[in-house]
Amino acid sequence: MIKFLVTGGGGFIGANFVRLALTEGWGAVLNLDKMTYACHPGTLAMLRRYPNYQFVHGDVGDRALVADLLQTIQPDAVIHFAAESHVDRSINSPQDFIQTNVVGTANLLEEVKAYWQQRPSREQDTFRFIHISTDEVYGSLGPTDPPFRENTPYAPNSPYAASKAASDHLVRAYHHTYGLPTLTTNCSNNYGPYQFPEKLIPLMICQALAQQPLPIYGDGQNVRDWLYVEDHCRAVYRVWQKGQPGQTYNIGGNCEKTNLEVVQTLCDLLQTRYPQPNVNYHSLITFVGDRPGHDRRYAIDASKIQQELGWQPQETFTSGLTKTVEWYLSHQDWVQAVRTADYSAWLASHYGSTLSAPH
Ligand code: NAD
Ligand code: TYD
């Protein structure tokens, strides 16, 4: 059986990947996660139910731990999701992003290289290091610019995007310098189950259910490309199966929406699926001050992964968003458990008096 070392498998995309790997028989998984605020205990509890799954609490930057894990489980691939991932937090605390996303990835690469160099040559050929990155490394598009391609120059604008760009460059360099079989994926905005409610879609769902304001930055006309999380996970698995070492692959949903459109669609969905007496969800929409350096538009040209690896998204925005809303409605225990003192403190410090924590 294939053995994956997955980093950050307690977070949103990593957990969806691990669940699919275990339920679809992609392989056995060892999940290495530091359990930051973004790793929900309920998510880890869900994963623990599955056979062929192990969890290790630790930091990807801990070289001794990583070396030990690699020797012990001898993985066929490392799938590197672990990161600090929220742009707004990167504006407040860029050092955390540099530490995990840059230094952590550098340390992980160094230990993976040492492990890979000891493998017999046949196993060296089949080993893969898959680095999960973002479209944000490419910067911001104007309204009529063509979507990002794999050869679009890097122009990161937030500390988050800059830290991911730095890690992408390190991953590339370990392939070119040492021959480590690395592949990088740059994906657009994900949404779906198990996403921490600090990102746009789950924040809006949780706020709406609690009849609290829905804070939209600026004029709400910033554009993102949206992809259902399972489609992203299947793309990563396809890259593991068929991708060429040294290559990068853009992944996206061909689904550009303004933030206002996304929130209005969510309000319409909730109005039908979860009407509450005397509540018009649209009336909760509140425009708030803009994010500093807010990128105006992201769009992905995913034709390379479609044509070369035969990947296509399975969900439309409507079907994916409906599944997402249904998941949050049926996992109120998970949502309630997020309401820690830290979470309330984040909302209070970030949004000031505009919001209070969902109750
Ligand atoms: P997330 O914030 O939900 O989860 C990150 C996970 O990594 C958490 O479980 C956290 O505990 C863990 N982690 C953080 N620092 C760690 C460290 N030093 N060592 C070990 N574990 C650590 O993030 P996500 O949204 O699931 O994103 C996963 C990856 O996908 C990230 O690399 C992100 O840059 C990338 N990505 C995300 C999106 C998106 O829309 N969410 C889009 C494209 C790419
Ligand atoms: P986010 O989910 O933080 O993802 P990213 O910044 O990585 O794209 O934000 C998605 C979009 O939603 C982005 O343009 C910022 C906007 N946004 C709001 O308008 N209000 C909010 O409260 C949040 C968290 C995001």
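A residue counts as near a molecule if one of its heavy atoms lies within 4 Å of it. The structure is a predicted model, in which local features need pLDDT of at least 70, side-chain atom pairs count only at pLDDT 80 or more, and totals for chains, interfaces and linings use all residues. Residues are numbered from 1 along each chain as its sequence is written, chains are lettered from A and ligands numbered from 1 in the order in which they are written, and side-chain values use heavy atoms, with hydrogens and water left out.

Around ligand 2 there are 18 residues, of which E136, R224, R291, H294 and Y351 come nearest. By class, this shell holds 7 nonpolar, 5 polar and 6 charged residues. Ala, Val, Leu, Ile, Met, Phe, Trp, Tyr, Cys and Pro count as nonpolar; Asp, Glu, Lys and Arg count as charged; the others, Gly among them, are polar. At least two shell residues come from each of α4 (87-92), α8 (200-209) and β8 (214-217). Strand β8 gives the most, with 3 residues. Helices (H or I, at least four residues) and strands (E, at least two) are DSSP runs, numbered from the N terminus.

Polar contacts to the ligand are pairs of N or O atoms within 3.5 Å. An N or O atom in the R291 side chain sits 2.5 Å from an oxygen atom of ligand 2. For Y351, a polar side-chain atom lies 2.6 Å from a ligand 2 oxygen atom. A polar backbone atom of P215 is 2.9 Å from a nitrogen atom of ligand 2. The protein covers 97% of the 510 Å² of accessible area that ligand 2 has on its own (Shrake-Rupley method, 1.4 Å probe).

Key: Polar contact = N/O pair within 3.5 Å; in protein donor to acceptor, adjacent residues only side chain to side chain.
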